[in-house]
Amino acid sequence: MRGKLITLEGMDGAGKSTHIPSIIQLLESRGLEVVSTREPGGTPLGEKLRELLLNEAMHPETETLLMFAARREHIATVIEPALARGAWVLSDRFTDATYAYQCGGRGVSAEKVIALEQWVQGDLQPDATLLFDVPVEVSVSRLASARMPDKFERESAEFFTKIRNAYLQRASENPARFRLINSNQALEAVQANVKEIVMAL
């Protein structure tokens, strides 16, 4: 039986990465093999591209192309083989992040991203996407007290507003796939919501 691809999305500071260990534990407790990965990254080549993408200034379309280059390698060497053997893949970001950050935030044409998505992914889409949502001011406040920020985390509140709006638009356009999580709650409440969603999957 083919596995499932579950993606976690949200703007920087939304807290999605905090919940990955508990999701892995929950799935493994059901006897499932879980492959936890991330984008950009997930492969040796992808991690090298990640360093460039998070730290080097570049044209928005160059940034988009590098995201999809890393994604193609990720799909071919990690995601597809895992799904084929029945594993569940848990990816910290996937293509929805490109629509949010590069289209919404940077202003790259959605038509160009759609073309790249079709070329790089074919029919591959997440089985479910958990979108962790917080108000922009909460995100900015959390990032202010975080580790050394990367180039995306240093962006303005206006940039994050565009990202959030793009994510929410993606969720409204794909209601069967997206699970919207209010991440501006006590950690225990968010954890309970996440557990309920994952158990339903």
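A: Tyr101, Phe152, Phe159 and Phe160 are linked into a cluster by ring pairs. This is a predicted model, so to speak of local features pLDDT has to be at least 70, side-chain atom pairs count only at pLDDT 80 or more, and totals for chains, interfaces and linings use all residues. Residues are numbered from 1 along each chain as its sequence is written, and side-chain values use heavy atoms, with hydrogens and water left out.

Now the rings themselves. A pair of aromatic rings is described by the distance of the centres and the angle of the planes. Rings of Phe, Tyr and Trp (its six-membered ring) pair if their centres lie within 6.5 Å; planes under 30 degrees apart are stacked, over 60 edge-to-face, and the rest tilted. The count by this rule is three aromatic pairs. One of them joins tyrosine 101 to phenylalanine 152, edge-to-face, with 5.6 Å centre to centre and 90 degrees between the planes. That pair ties together distant parts of the chain: tyrosine 101 is in helix α4, while phenylalanine 152 is in the loop between α6 (136-144) and α7, 51 residues apart. Helices here are DSSP runs of H or I with at least four residues, strands are runs of E with at least two, and both are numbered from the N terminus.

Next, the helices. Helix α4 (residues 95-105) packs against helix α7 (residues 157-173) at about 135 degrees, with the axes 8 Å apart. Axes are lines fitted to C-alpha atoms, for helices over the stretch in contact, and angles run from 0 to 180 degrees between N-to-C directions. That makes α4 and α7 oblique to each other; under 35 degrees would be roughly parallel, over 145 roughly antiparallel, 65 to 115 roughly perpendicular, and the rest is oblique. Residues making the contact (heavy atoms within 4.5 Å) include Tyr101 of α4 and Phe159 of α7.
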